Amino acid sequence: MDEEYDAIVLGTGLKECILSGMLSVSGKKVLHIDRNKYYGGESASITPLEELFARYGAPSPDETYGRGRDWNVDLIPKFLMANGLLVKLLIHTGVTRYLEFKSVEGSYVYKQGKISKVPVDQKEALASDLMGMFEKRRFRNFLIYVQDVKLDDPKTWKDLDPNSTTTQQLYEKFGLDRNTQDFTGHALALYLDDDYLNYPAAQTICRIKLYSDSLARYGKSPYLYPMYGLGELPQGFARLSAIYGGTYMLDKPVDEIVIENGKAVGIKSGEEIAKCKQVYCDPSYVPNKAKKTGKVIRCICLMDHPIPNTRDALSTQIIIPQKQVNRKSDIYVSLVSHTHQVAAKGWFVAMVSTTVETENPEAEIKPGLDLLGPIKQKFVTVSDYLEPTDDGKESQIFISKSYDATTHFETTCLDVLDIYKRGTGEDFDFSKVKVELGDEDQ
């Protein structure tokens, strides 16, 4: 450990592994350390199944669950948007060659106690049971406008400047009612709360386009999920970093970050010190530089059937918009199964998650749990949501945020790109993305 590194990355959560891959590809000399023996940190995939039960202090699973080693259960499951940021990162960095993806079969939204498929094109809008006849026409016109508008071409704006018009004004122009606004903002544009109504309409248009472009890739839903679970993602980026000269050390205690004149200059482990110019890490390595801004509840549910009313989909996502259940934040439901090699044959892993708003978090996820049907076993975690207290430019310690309640990776990637920019002073260059995912081996 007596060499000097451009950057030392602490923790092998997905964000940290992506960062070490990006930094290595950009020509930096990287040392990556984790106190754990396994990859993934708090976003690890747990196998065999016995280990998951032991982790939550539950009695060992019986033989009905099949072979324990057939299970890979994500602690923080999330899907990838087929045209989204993480897929672009995977392609740009070449990590796709280590992974195999399957498209997620369904995308649903909750309205008045029922779930309906999220309509994303004119045909689906007209067939959807989310809206009455006149509202369907209005929503169809809205979708046609979003599809046709080009943000860099004022000729396509149709007397409505998307940069100076708010999303709320855009909705009003097309006469969309509250329910339609609800599922458009939360299930298509994937906003976490209703603050977005005051943002420029251009942002919402971009997000809806991302959803429909992602959907156009595979047809069933805009989401992808890796075979064998998300644990494969950090390892893919770790391999990438190693190819570009990155050094990895698992099961290595980190005793302190060495600071001189207010700046990080190295890491101490036992008697050894590794010198560096910058440190990147998750909040658990620097509790004095992170603040708690909320909590997230996640409930992993093991089931022997698909979610009712999803046409027996072997994988799906359901979003329960906040207003539908009188909340300030959405509830997210995801489902994966034996088809992704993450459960024994005939078994399903569902997750219900949300941002905690009360003293009784378990009651808050009840609307999601109620959609699942009988649950064989559930594991509940309530974790603090931590954010860095500063941008890291003075101390040269760049800290990631905790993982939020969403069931997709868009917010995760925005955090990674933000950290990369703070640390290197420049945006990550996506123009280098030459390959389309469809051109690779699926």
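# Hairpins, sheets, crossing helices and pockets

Student: Which residue takes a positive phi in the hairpin of β11 and β12?

Tutor: In that hairpin, where 2 residues lie between the strands, Asn261 has a positive phi near 50°. The model is predicted, with residues numbered from 1 along each chain as its sequence is written, and side-chain values rest on heavy atoms, without hydrogens or water. Local features need pLDDT of at least 70 and side-chain atom pairs count only at pLDDT 80 or more, whereas totals for chains, interfaces and linings use all residues.

Student: What makes β11 and β12 a pair of strands?

Tutor: Strands are DSSP runs of E with at least two residues, just as helices are runs of H or I with at least four, both numbered from the N terminus, and two strands pair if DSSP finds at least two bridges between them. Strand β11 (residues 256-260) and strand β12 (residues 263-269) are joined by 5 bridges and run antiparallel, so they meet that condition.

Student: Where does Gln341 lie, and what is its phi?

Tutor: Gln341 sits in the loop between β16 and β17, and its phi is near 60°, a positive value in a residue other than glycine. The flanking strands, β16 (residues 331-337) and β17 (residues 348-355), pair in the antiparallel sense over 7 bridges, with Val333 opposite Val352 in β17.

Student: What makes β8 and β18 the edge strands of the sheet?

Tutor: The open sheet has 7 strands in the order β8-β7-β15-β16-β17-β14-β18, with mixed pairing. Both β8 (114-117) and β18 pair on one side only, which makes them its edges, and neighbouring strands in this sheet are turned by 25° against each other on average, direction ignored.

Student: Why do β5 and β6 stand at the edges?

Tutor: They belong to an open sheet of 3 strands, ordered β5-β9-β6, with antiparallel pairing. Since β5 (80-81) and β6 (101-103) each have a single partner strand, one side of each is left without a neighbour in the sheet. Between β6 and strand β9 (residues 223-226) there are 3 bridges, in an antiparallel arrangement, and Lys102 has Tyr225 of β9 as its bridge partner.

Student: Why are α5 and α8 called roughly perpendicular?

Tutor: The axes of helix α5 (residues 133-148) and helix α8 (residues 201-218) come within 10 Å and cross at roughly 90°. Angles from 65 to 115 degrees count as roughly perpendicular (under 35 as roughly parallel, over 145 as roughly antiparallel, the rest as oblique), and α5 and α8 are therefore roughly perpendicular to each other. Phe142, Tyr145, Val146 and Gln147 of α5 make the contact with Ile205, Ile208, Lys209 and Ser212 of α8, where contact means heavy atoms within 4.5 Å. By class, this contact has 5 nonpolar, 2 polar and 1 charged residues, with Ala, Val, Leu, Ile, Met, Phe, Trp, Tyr, Cys and Pro taken as nonpolar, Asp, Glu, Lys and Arg as charged, and the others, Gly among them, as polar.

Student: What lines the largest pocket?

Tutor: Its lining has 39 residues, of which Leu192, Arg207, Asp404, Thr406 and Thr411 lie nearest its centre. At least two lining residues come from each of α8, β14 (290-303), β18 (377-388) and α12 (410-424), and α12 gives the largest share, 6 residues. The lining divides into 16 nonpolar, 10 polar and 13 charged residues.

Methods
Axes fitted to C-alpha atoms, helices over the stretch in contact; angles between N-to-C directions. 1 Å grid on protein atoms, 1.4 Å probe; cavity = no way out; pocket = protein on both sides within 12 Å on 5 of 7 lines; lining within 4 Å.
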